[in-house]
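Have the structure open in your viewer and keep the selection tool at hand. This tour goes stop by stop, saying what to select and what is there.

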Amino acid sequence: MKQILEQLPIVIGALNVGFIQTLKLFFITLIGAFPLGLIVAFGAMSHFKPLSYFTRIIVWIVRGTPLMLQLLIIYYFPGLVLNTPIWGSGESGRFAAASISFIFNYACYFSEIYRGGIQSVPVGQQEAGLVLGMTRSQIFFKITLLQMLKRIVPPMSNEIITLVKDTSLSRIIALQEIIWAGQAFMKGSQGISGAIWPLFFTGVYYLIFNGILTILLGRLEKKLDYFR
Amino acid sequence: MAILEVHNIYKNFGGNEILKNISFSLEKGQVVSIIGSSGSGKTTLLRCLNFLEQPDKGIIKVNNEILFNADDPKTQLESEIRKKRLHFGLVFQSFNLFPQYTALQNVMLAKELLAKELPDYKKHKTEIRKEIKTEAVRLLNQMGLSARINNYPHQLSGGQCQRVAIARSLALHPDILCFDEPTSALDPELTGEVLKVIKELAVQNTTMVIVTHEMAFAKEVSDHVIFMDNGCILEQGDPIQVFENAKEERTKNFLAHIH
């Protein structure tokens with residue numbers, strides 16, 4: 001116990017650094033996947049059949065294969081198979097590859113949530129907008145969007161919380177996120193070796209962060225309760 | 001001169017002829033009621049007038065201008081349809097109010113969006129918005145909803161919702177206001193308050209096309225009645241003629257079941 005207390009500041013320092021990387025990946029995925037998912041959703045709903053089929057096939061592939069496999073392929077494929085290492089070396093290259101993989105993967109999941117949300121808004125809403133002389137984009141942004149958002153908050157919250165934990169998959173390409181940072185103390189780092197408790201301790205970070213997110217998303221859901 | 005002329009409209013869905021050779025005209029300030037059993041094509045006809053459906057054949061004229069001609073693709077351009085729609089207003093059976101906006105915002109929204117397209121909108125922004133708001137408040141007062149302007153649709157009764165929807169349509173000053181069974185989603189008590197509002201509009205010479213199952217109301221408010229059956233206009237004329245001296249057996253039968 002005494003030993004753990006002595007190690008604690010060192011471990012927390014290292015885990016903080018790892019967690020910052022986790023948070024960066026988390027936020028950049030959301031920033032990229034929120035809009036990209038909407039574009040994918042529109043592609044899947046397009047009346048232009050080839051585009052709709054193409055989009056649905058992509059979504060099928062991305063949702064049908066493990067994110068870990070996608071990470072490995074996106075990170076290693078350009079360099080090892082195509083002989084064009086586009087990601088560069090070091091942590092920034094790994095982070096870029098992880099970001100692309102996560103944004104793409106999550107955009108596909110989000111797209112299905114968006115599609116469900118948009119299609120659950122009664123068609124009469126759109127017709128009312130049309131009859132009132134609104135353009136398609138006015139109808140989307142002024143009428144459909146908020147009604148869709150209200151409906152997708154619960155399933156989106158689920159995905160967002162899953163994303164927090166999924167970022168740990170980037171450990172497979174040695175991105176130095178919090179799991180990587182915790183694991184380092186098993187092999188030996190900063191004078192501590194053979195310690196497994198730092199790895200377990202990373203769970204506290206996830207729990208606290210997801211707790212905060214749950215509260216914030218709950219508030220958002222409440223905020224949209226002003227209409228039905 | 002007729003404000004609305006409909007010539008030989010046909011519409012089919014997947015091989016089913018929903019509208020067959022529909023022709024009628026309407027004078028400015030008049031009210032035409034369209035009656036008939038469910039599935040006779042009444043709603044489809046209204047949707048064609050509002051460009052929510054495109055007829056397969058036929059011509060629609062407003063103020064002698066050809067808005068739609070099935071044989072002339074130039075009258076079917078998506079970009080033009082938006083403007084042409086504004087000749088018509090449509091009040092839906094299920095109101096279709098925008099739930100995230102208050103009654104007042106529902107009435108103002110479309111007008112504000114249209115105003116933004118005015119070339120000098122930026123210069124006169126505050127006056128224009130104030131004008132739109134004043135007009136919207138006036139319309140809601142006219143509908144007897146002055147105490148309700150800041151309520152959201154879910155806080156209103158069905159009758160109140162439908163009156164907001166009527167105000168929303170009126171805000172754009174359509175030449176012809178269409179009603180698609182405006183009281184069919186309402187219980188009898190609420191039906192009365194909506195019919196009263198429509199009657200008042202008729203007194204003010206609002207040009208209206210009303211699809212309804214309220215026969216007494218149709219008889220009272222209409223200048224012209226159209227009886228539709230199986231996609232055709234079976235009989236039309238002034239209310240007395242259709243309601244009391246129907247020529248067709250089918251019309252008599254229908255009316256006998258209603259009364």
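Predicted model: local features only at pLDDT ≥ 70, side-chain atom pairs only at ≥ 80, totals over all residues.

Show their side chains: B:Arg138 and B:Glu135 form a salt bridge, with the closest N and O atoms 3.4 Å apart. Side chains of opposite charge can pair when their charged atoms come close.

The crossing of α3(B) past α4(B) is right-handed.

Now show the side chains where these two helices meet. On the α3(B) side, select B:Ala103, B:Leu104, B:Val107, B:Met108, B:Lys111, B:Glu112 and B:Ala115. On the α4(B) side, the partners are B:Ile128, B:Arg129, B:Ile132, B:Lys133, B:Ala136, B:Val137, B:Leu139 and B:Leu140. Sorted by class, the contact of α3(B) with α4(B) has 11 nonpolar and 4 charged residues, and no polar ones.

Stay in chain B and select helix α5 (residues 158-170) together with helix α6 (residues 188-203). Their axes are 8 Å apart, and the packing angle is about 20°. So α5(B) is roughly parallel to α6(B). Here too the crossing is described by its hand: α5(B) passes α6(B) in a right-handed crossing.

Which residues of α5(B) and α6(B) meet? From α5(B) come B:Gly158, B:Gly159, B:Gln160, B:Gln162, B:Arg163, B:Ile166 and B:Leu170. From α6(B) come B:Leu190, B:Glu193, B:Val194, B:Val197, B:Ile198 and B:Leu201. The contact of α5(B) with α6(B) has 7 nonpolar, 4 polar and 2 charged residues.

Next, show chain B and chain A together. Their contact takes 27 residues from chain B and 20 residues from chain A. The size of an interface is often given as the accessible area lost when the parts come together. Chain B and chain A bury about 2,100 Å² between them, with 62% of it on carbon and sulfur atoms.

How many salt bridges are found across the interface of chain B and chain A? There is 1. To see a salt bridge between the chains, select A:Glu127 and B:Arg47, whose closest N and O atoms are 2.7 Å apart. Over all chains, a search of the whole structure finds 14 salt bridges.

Hide chain B and look at chain A. Its secondary structure comes to 8 helices and 0 strands. The C-alpha atoms of chain A fill a box of roughly 70 × 50 × 25 Å, taken along the principal axes.

For the last stop, select helix α2 (residues 49-64) and helix α4 (residues 90-119) of chain A. They pack at an angle of about 120°, with their axes 9 Å apart. That makes α2(A) oblique to α4(A). The crossing of α2(A) and α4(A) is left-handed. Residues making the contact include A:Ile58, A:Val59 and A:Val62 of α2(A), and A:Phe104, A:Cys108 and A:Tyr109 of α4(A). By class, the contact of α2(A) with α4(A) has 6 nonpolar, 2 polar and 4 charged residues.

Note on methods
Residues numbered from 1 in each chain as written. Chains lettered and ligands numbered in written order. Heavy atoms only, no water. Axes fitted to C-alpha atoms, helices over the stretch in contact; angles between N-to-C directions. Helix = DSSP H or I, 4+ residues; strand = E, 2+ residues; numbered from the N terminus. Parallel < 35°, antiparallel > 145°, perpendicular 65-115°, else oblique. Left-handed = near helix turned anticlockwise from the far one by under 90°. Contact = heavy atoms within 4.5 Å. Nonpolar A, V, L, I, M, F, W, Y, C, P; charged D, E, K, R; others polar. Buried area = accessible area lost by both parts, 1.4 Å probe. Salt bridge = Lys/Arg side-chain N within 4 Å of Asp/Glu carboxyl O.
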